[in-house]
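Subject: Structure for you to look through

Dear colleague,

I am passing on the structure we spoke about, together with some notes on what I found in it. Please keep it open beside this message while you read.

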2 protein chains.
Amino acid sequence: MTMNNTDLVSTLLLQIPDSKTRVRLNHFARRGLINYLSCYLQGMEAVNVERFSQYFGIDIRRLGLTTTTNLLSSSQRALLYGFVAHYLDLDDVQANFRGHPSAVIYSALLAVSNPNDRLEDLLWAYISGVEFAGQLGKLLNPNHAIQGWHSTGTIGSLAAAAAIGVYRNVTSSQLSAIISLASTQASGQLSQEGSDGKPLNAGFAARNAVCAYSLVSAGFSANRDPLANQNSWFSTLSQSPFNQQAWIASWMHPGQIESPGLWFKTHAFCSAALSGYDAAKQAWKEGIKFSDCNQIIVHYPPHGDAALTQTHPKMRLDGKFSIEYIIWQVLTKGDVHATDFANISLTSEEQEQLTRIVRQHDLPIGSPTQRPVSLELIIKSKVSRFDVKVQHGSPEDPLTDEEIINLANKSSEIHFETIQTLLNNSHQSITRLLTTINHGQEDVQ
Amino acid sequence: MTMNNTDLVSTLLLQIPDSKTRVRLNHFARRGLINYLSCYLQGMEAVNVERFSQYFGIDIRRLGLTTTTNLLSSSQRALLYGFVAHYLDLDDVQANFRGHPSAVIYSALLAVSNPNDRLEDLLWAYISGVEFAGQLGKLLNPNHAIQGWHSTGTIGSLAAAAAIGVYRNVTSSQLSAIISLASTQASGQLSQEGSDGKPLNAGFAARNAVCAYSLVSAGFSANRDPLANQNSWFSTLSQSPFNQQAWIASWMHPGQIESPGLWFKTHAFCSAALSGYDAAKQAWKEGIKFSDCNQIIVHYPPHGDAALTQTHPKMRLDGKFSIEYIIWQVLTKGDVHATDFANISLTSEEQEQLTRIVRQHDLPIGSPTQRPVSLELIIKSKVSRFDVKVQHGSPEDPLTDEEIINLANKSSEIHFETIQTLLNNSHQSITRLLTTINHGQEDVQ
């Protein structure tokens, strides 16, 4: 029997996992959820919440993460959650996807959650969404990102839609229709970097997924095969054909959440800048200061710095996407802090200083989980060079569970050890988790 | 002083028109509005309104076209209006845009209207949106459509956003931001044809525009130049550069709403089938019947029938995209009616009859506003041929105002002459128009 590509994906998504696989992959999904909640709480402190209150016409600060409210529709909540979780650009990344899985997928799932849903179902739906995002990303990237698309918005819309379908246990043909209506909304431009448009892309993707799910639930129809090799969302955007055998063989072997896995960010700037940051830290430790350098050359592989779009930032906020700005900060005062990325102009003198740092693209292309960089510092007649291939937090040098908890504990009054214990007992209801987040203590219901 | 591309467009959009131009172009906008309202009313009768009632959780039938309601947000109303107006595929088309302007732009404008807004401002905002859609379409098409994008959804999102900005009289920099947040949501796949996904694309575009406007109004920021020649929405999708001088020179000279102008559809089937329909009507008038014909050959230019995807329809509904089905209907009973496109199977005998009609692609390629066809009917040893180049309703053979009113009068109990009188006195408020539509009579307030 032949199946169309989308029905094949829907069938794969709805397979019941064996318990061993599930337990193993749950571990990664729990780490993702803790990091997501932490990013959400920090984002909520950082964003101008008044803007959202005005947009929705209600006091957002009092809303919290919630499954039941008459104040906002599920699509509106998805938009809010996705925006806030991605606001600081601190949230996790998956290398094949080239996007931020948790901000989109967990936001969409929480927006359609019912109070009695079980945490283990939330985790499995997330794992399934990450799988779909990673598999699609393998085919579409890097061309997709190079062309200017923000994978978090595009692929993210479909991945979150798939995750919702798994979570709500729809039929295979409903799942295909949900993916289809998400695909015809899927969008997002990388050029929004440096503005609210970037985190909005994550919110729009979560909204698109929830909207697709609600429309299909209400009986709306959709093109049956958005992943077809001709006349489809997939063929419009992809330069590689969809190969059914390859999808069957590689699906959850290993899980995309396990390998290449999730990349957790330790700093609130673009993860593509982490290797350059590490190299600059090494130089600082050896006593090199920016004022000593005649010139600084950052060597990358071709397109290795594609996400770092700001070569000449005018605002400190743009520094999140500028390796020049980050290196300059580290070699001037030893590190970067959240306050270094405020929406404040750089003086013309500061902008002038940054021009001393230039990029070259002469390193060999590495694996998708590596972001190799070579930092060359020219001090009078002497040249120092610092090479970094693997960053701490990346799948090849992952954070420990303890480090993830410690990062999360910095975000609020909540002791994230409590959340970790809750998640380990994943038969619990989602309400328990959300009550703990909203009130900073475990609800004893 | 140099301006970025988007700021230039925003400045052009916000120019105050001279009254002569305005009066001339208003004429076309009024025709578009009458046709839009007629399509909306027919769509509302045709769609399964229960689906929408379930989706929104309220009784949609009782809502009407409204500016003030606590029941739905403005984004939700934009989605509903766009979907309903495009549902029958009866709504107007603009050739450069290659999309349906009114379903997207009027839907977005009505969704953000205030009761006391004046009709003349609504009309001018619409004219401005059509201008932007046509200018963008000139640069992006035909590649954009050939690649699989549904211009109604993609370009439509930006055009509706621009129209809202003009309508609400925002500043130039706000207008750029609104266009930017619409661009990062802009999407829509042509492959949704034949499903609810197609009219949903019009609804999504209207929603995207309203959402962008509301977000910017609440203070959210966006990338400043989505129409830049590098790293932008425009550069991601376009193969032709944006030329500022060309935009300045051609802006509203002539208005895109005037030339190539709006194409009004006289039947609820794909407009690509209209020329074949006209030829079949000529044959019927000369007394030729399907039962007399041994074979029927429909001659097109190469790709002239690309949108007519159904050569062997199995359902009457698929007949909307089948020239064979439409010719068979006309030569059997003199015309086609809305009921001929119900979701009902064709018998195997009927399907067999349709195989007597074949296509050939041997005509020269015509202009974008023409859809040439040559219908060849073989009756025993005699051959009759009917050539049609220009269809009635197209910009080269436009409907008269009276014909547009007559078409509209078929759609409901409303006498559209009343609407026409209202629109001619365009200092009136929008509430007056909507009350007339909702209650079938003019409100005397």
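Which residue is the bridge partner of B:Leu375 in β6(B)? Please bear in mind, before we come to that, that this is a predicted model. The partner is B:Phe386, and the pair belongs to a set of seven bridges that join β5(B) to strand β6 (residues 382-388) of chain B, the two strands running antiparallel. These strands form a hairpin with two residues between them, and in the turn you will find B:Lys380, which has a positive phi of about 50°.

On its other pairing, β5(B) meets strand β3 (residues 295-299) of chain B, again in the antiparallel sense, over five bridges; here B:Leu375 is the bridge partner of B:Val298.

Strand β5 (residues 373-379) of chain B is mostly covered, since seven of its seven residues are buried. B:Val373, B:Leu375, B:Leu377 and B:Ile379 point one way from the strand, while B:Ser374, B:Glu376 and B:Ile378 point the other way, and all of them are buried.

Turning to the two chains together, chain B can be laid on chain A with an RMSD of 1.1 Å by a turn of 177° and a shift of 0.4 Å along the axis, and the two copies are therefore related as by a two-fold rotation axis. In chain B, the C-alpha nearest that axis belongs to B:Ser187, at 2.5 Å from it. The same surface serves both copies, as 100% of the contact residues of chain B recur in chain A.

With best wishes

Technical notes
Residues numbered from 1 in each chain as written. Chains lettered and ligands numbered in written order. Predicted model: local features only at pLDDT ≥ 70, side-chain atom pairs only at ≥ 80, totals over all residues. Heavy atoms only, no water. Buried < 20%, exposed > 50% of the residue type's maximum accessible area, 1.4 Å probe, protein only. Helix = DSSP H or I, 4+ residues; strand = E, 2+ residues; numbered from the N terminus. Pairing = 2+ DSSP bridges. Least-squares fit on C-alpha atoms with pLDDT ≥ 70 in both. Contact = heavy atoms within 4.5 Å.
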